[in-house]
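Please look over the sequence and the model shown here before reading on.

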Amino acid sequence: MKGSFSNQALTKAKGITLKTALFIGMGGLCSAPTLAANELESVVLANSSLTTYNSQKYMQADDTYYFDQYSAQLIERTEKAINWYQEIVNKGGFTHLYNNELLELGSNNNQVSLLAQRLYQERDLKTNVCDEAICTFDKDLEQAVKQFQSRHGLKVDGRVGKRTFASLNVPAQQKLDKLKLNFYRITNFAGASDEQYVYVNIPEYSLRFVKAGDVKLKNNVIVGKPSWETPAFSDEIEKFVVNPEWRIPTSIATKEIAPKVAEDPDYLVKNNIEIRKNSYLDSQTVNPSNIDWDSIKPYQFDHFLVKRAGSQNPLGEVKYLFPNPEAIYVHDTPAKQRFSQANRALSHGCIRIEKPFSLAREIIKHEGEAQTLSHIDSARDQNNTQTFHLDEPLPIHLVYWTAWVDENKLVNFRDDIYQRDKKALLNNSKKSVIAALLKNK
C-alpha cells in the first residue's frame, strides 16, 4: 500500500535513488568418488576442486549468464560434505554416547573418552588424545564441544548436557539424508543469478548481504514461531522506513487492546497509540472516549489503531519493505535480549534483525551514496516517519536450509523448526527426493 508523501527530496546514486519523505502511514509481513579421509582434515573442508557438481554447465556458460560465486562455492562445499558423510556412514557411523551425567571441564570418566572419540569423528576435535578408558575433559575438548555446539545451533557453553548429548547422538545416516535434501534446495537457490542480494536462512536465524560473491554483512535475526511460520519465498526490497509506525492488526486491537482500554481509559495515551477513523493512513483521528470498548467483539472494529514511532514501538527504529501477499518484512525490535537465545523462532512471522541499520548502511555504502547515510542518521533523531526508496530494488530470498557448509567451511546442521524436512521425506520417498540429485550426469 502506498502512503502519502510530501517534502520529497531525491538523491541520485550509482544504481540507486533514495527518496526521503515525510511519511503518514505504511503497511506492515551423487554417484561420485568419495573423498579419502585425509582430504578432510576436520569439519573445515579442504579446497579441492569440484568433481561432481551437476550444475557445472552454468559456470561454463557464456558470459551473458551470471552465476553467483557464493552460491557456486556453497554448492561445491555442500556436495563435498555429502561425500564425506557417506564415507562416515560406510564406516559404521558415529560412536554412541550415554546421557548419564553432565560432562564439562574437569570431568574424568569413560564417557569423556567416548566423547573425544565422537568429536574426532566429525573433526571438531582435530587429534584424539583420549585413547585410554579414563580421560579428563580439558580445554581442547571444551573448545571442540563449543565448535560442535556452534555449528548445530546450540547454546555455546562447552558443556555437554541433554541437548548436546542428543545432537551428538543423531545418526550419521540421518545427517547424510539431511545434507542431500538441502543440497536440492541449495542448487535451486533463486539468488544464484543475482549479483547482489539479501538472504535469510530461517532455521539458522541469520541474514546475509552478498555482493559479487562476497558476504558483506551477516546479522542475527528472529523468525516466526512454529505457530506463525516465516514462509520461504523471493522478493525485492523496495524501501526502508526510519521511525516506522505499527499498524496494529484487527485481531490484536479487538482481542488484546480493547479490554485494556476498557479497564484503563488512558491506556492508548500511555502506549502512544492513536485511533484513525477510516484507514491506517487517515489523518482524521477518533477520541477514545467516544467508543464503547466493553462492547467490542473479536475482529469487529470500525476504526484503525496505529502505534506511533517511538522507543517502545514493536518495529523499532527501521523496517525494510518488500510488499508480498504474506505481509512479511524485516524490522528492528526493542526486545534486544532475545537475540542471545539459541532458539529464535519467536515472532509472528516477520523477521527481526539484531543490528537494524547495518543493512541500510551496507546497501547505501556499496552504491557509493555516503551522503544518504547522514540523512538516515538525521532521520533517526526526528519524530516524523521517513521513507527511503531504492531506485533499483534489492533481491531478498527467504530460504529454509537445515544443513549446509558455511563460508568458514564448517558443516552446519539446524533443527527442522517447522517440520518441513519431515514433510518432504513423508511426501516423497528417499529415492524420488534424492536420486535426481545424485544420479550420474
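In this predicted model, the largest nonpolar core has 58 residues, of which F240, I257, W293 and L359 touch the most other members. Another core lies apart from it and has 29 residues, including A72, W84, V411 and F413.

**Aromatic pairs**

Across the whole structure, a search finds 14 aromatic pairs. One of these joins W84 and Y85, whose ring centres are 5.3 Å apart. The planes of W84 and Y85 stand at 70°, over the 60 degrees that an edge-to-face pair requires, and the pair is therefore edge-to-face. Both W84 and Y85 are buried.

The rings of F240 and F388 also form a pair, with a distance of 5.3 Å between their centres. Their planes meet at 15°, so this pair is stacked. F240 belongs to strand β8 (residues 233-242), whereas F388 belongs to strand β16 (residues 385-399). The pair therefore ties together parts that are 148 residues apart in sequence. F240 counts as buried, at 0% relative accessibility, and F388 is buried with a relative accessible area of 0%.

Ring pairs also build a cluster, which links Y70, F189, Y197, Y199 and W401.

**Charges over rings**

Two arginines are placed over aromatic rings, as the table sets out.

| Charged residue | Ring | Distance from ring centre |
|---|---|---|
| R118 | F94 | 3.7 Å |
| R420 | Y400 | 4.7 Å |

In each case the charged end of the arginine sits over the ring: that of R118 over F94, and that of R420 over Y400.

**Cysteines**

A disulfide is a covalent bond between the sulfur atoms of two cysteines. The structure holds one disulfide. C130 and C135 form this bond, and their sulfur atoms are 1.8 Å apart. The torsion about the S-S bond of C130 and C135 is about -50°, which means that the disulfide is left-handed.

Another cysteine, C350, counts as buried at 9% relative accessibility.

Definitions and conventions:
Residues numbered from 1 in each chain as written. Predicted model: local features only at pLDDT ≥ 70, side-chain atom pairs only at ≥ 80, totals over all residues. Heavy atoms only, no water. Phe/Tyr/Trp six-rings, centres within 6.5 Å; stacked < 30°, edge-to-face > 60°. Buried < 20%, exposed > 50% of the residue type's maximum accessible area, 1.4 Å probe, protein only. Helix = DSSP H or I, 4+ residues; strand = E, 2+ residues; numbered from the N terminus. Lys NZ or Arg CZ within 6 Å of the ring centre and 35° of its normal. Core = buried A, V, L, I, M, F, W, Y, C linked by side-chain atoms within 4.5 Å. Disulfide = S-S within 2.5 Å.
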